[in-house]
Amino acid sequence: MSFKRVSVVGLGYIGLPTAAVVASRGIEVIGVDVNPNAVDTINQGKIHIVEPDLDIVVRGVVTTGMLRATTTPEPAEAFMIAVPTPFKEGFTPDLSYIESAANAIAPVLEKGNLVILESTSPVGATEKLAEWLSAARPDLSFPQDAGDIADIKVAHCPERVLPGYVLQELVSNDRVIGGMSKACSEKAVELYQTFVRGECVITNARTAEMAKLTENSFRDVNIAFANELSIISDKLKINVWELIKLANRHPRVNILNPGPGVGGHCIAVDPWFIVDSCPDEAKIIRQARLTNDSKPHYVIDQVEKAADQFKRPVIACLGLAFKADIDDLRESPALQIVEELTKKNLGQIFAVEPNVSAIPEKLVHSGAEQATLEVALEKANIIVVLVDHKQFKAADKTLFMTKFVIDTRGIVN
């Protein structure tokens with residue numbers, strides 16, 4: 001095995017599971033993160049995020065010494081960068097985290113190293129990474145100048161896992177490997193084949209970047225269709241859940257489920273990278289983003305109308321995460337809805353999120369009260385279902401019958 005030590009930069013929802021899986025294959029892994037609390041937690045064999053079975057794997061590889069976390073990069077044979085790539089005002093991609101990661105690892109790079117960008121990125125980001133590394137280490141050669149014979153190999157390999165199933169999908173899913181040269185791709189494939197059972201498909205860096213953006217934009221466009229359909233159905237007094245179930249009986253129709261919007265660090269963000277690159281051409285992709293971003297406001301309007309029917313509205317908002325059965329609140333439409341509702345002073349608001357120990361401070365400061373599902377169902381006269389957590393789906397639906405229910409996930413209707 002040519003890889004004896006690998007560094008994973010960024011120990012969040014993708015980086016930590018990746019580090020744990022690689023370490024479980026007998027490769028020493030140095031995890032790097034700017035958050036000292038996350039580093040300390042991991043070095044105790046614990047985790048700071050919610051992901052099924054991840055705690056077991058992390059505890060095992062930390063105990064055996066195969067995984068160690070630090071705030072300062074150390075020499076390794078391969079560096080896997082898994083840092084955030086949000087957007088700035090105006091939906092412009094923010095590559096500052098990637099640039100910081102490049103500057104952090106540059107001092108410890110050695111000839112023969114492999115650097116992989118896993119972060120979902122706009123087209124051209126891998127080339128920018130290589131430029132930043134080259135500027136910091138002019139003593140080394142990089143593929144943009146030296147091609148296959150470069151001292152440092154650089155590639156892009158986007159993650160494509162589903163929260164809640166990350167450990168399984170890291171291993172089973174096919175991976176798109178986009179090297180900046182043929183030699184870069186081959187070196188990256190060699191690394192991924194140490195833990196991936198799926199096929200490693202080789203392309204160039206730009207196509208690999210665009211592939212991930214395309215996957216998430218495809219889902220965003222289809223969710224936008226479902227969300228628009230739900231609004232149309234409301235206006236026409238049609239049950240959208242029944243409608244979709246009937247339409248999907250067609251052998252070539254597969255409409256997704258609507259919701260309160262689209263959240264998370266991928267689908268709600270990545271399409272804007274395409275729009276930013278090609279603003280005049282990405283018409284459908286832009287409109288899908290606008291449609292999905294408008295859905296929370298539609299839900300808020302529904303809640304306001306419901307509140308007008310009660311002398312003392314008590315509103316229970318079920319769910320804050322961006323999707324079911326996780327604790328991730330990033331870009332969550334549910335969280336956005338609850339935040340806006342607290343600002344409107346419609347009445348007492350309960351926030352129910354079984355996957356976090358405490359709701360965000362900003363909700364508390366604006367008047368929201370954290371509650372269990374049982375308390376919320378007992379005290380509220382308006383129920384707003386925002387996330388289809390398993391606890392909500394398993395609840396006795398007769399408890400909803402005396403309430404005014406706004407169900408954005410179809411678990412009651």
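Modeller: Setting aside residues up to four places away in sequence, Arg289 touches Asp220, Val262, Ile267, Ala268, Pro271 and Trp272; contact means heavy atoms within 4.5 Å. This is a predicted model, in which local features need pLDDT of at least 70 and side-chain atom pairs count only at pLDDT 80 or more, while totals for chains, interfaces and linings use all residues. Residues are numbered from 1 along each chain as its sequence is written, and side-chain values use heavy atoms, without hydrogens and water.

Arg289 is part of helix 12, residues 283-307 (helices are DSSP runs of H or I, at least four residues, numbered from the N terminus). Its relative accessibility is 0%, so Arg289 counts as buried (under 20% relative accessible area; exposed is over 50%, partly exposed in between, with a 1.4 Å probe and protein chains only).

Now the nonpolar cores, each a set of buried Ala, Val, Leu, Ile, Met, Phe, Trp, Tyr and Cys residues joined through side-chain atoms within 4.5 Å. The largest has 42 residues, of which Val6, Leu16, Leu67, Leu191 and Tyr192 touch the most other members. Helix 1 (residues 15-24) gives the most to this core, six residues. Beyond its neighbours within four places in sequence, Leu67 is in contact with residues including Leu16, Ala19, Ala23 and Ile42. A separate second core has 29 residues, among them Val83, Leu129, Leu140 and Ala205.

By contrast with Arg289, which is buried, Leu236 is exposed, at 55% relative accessible area. Leu236 sits in the loop between helix 9 (205-235) and helix 10 (240-247).

Notes
Helices (H or I, at least four residues) and strands (E, at least two) are DSSP runs, numbered from the N terminus.
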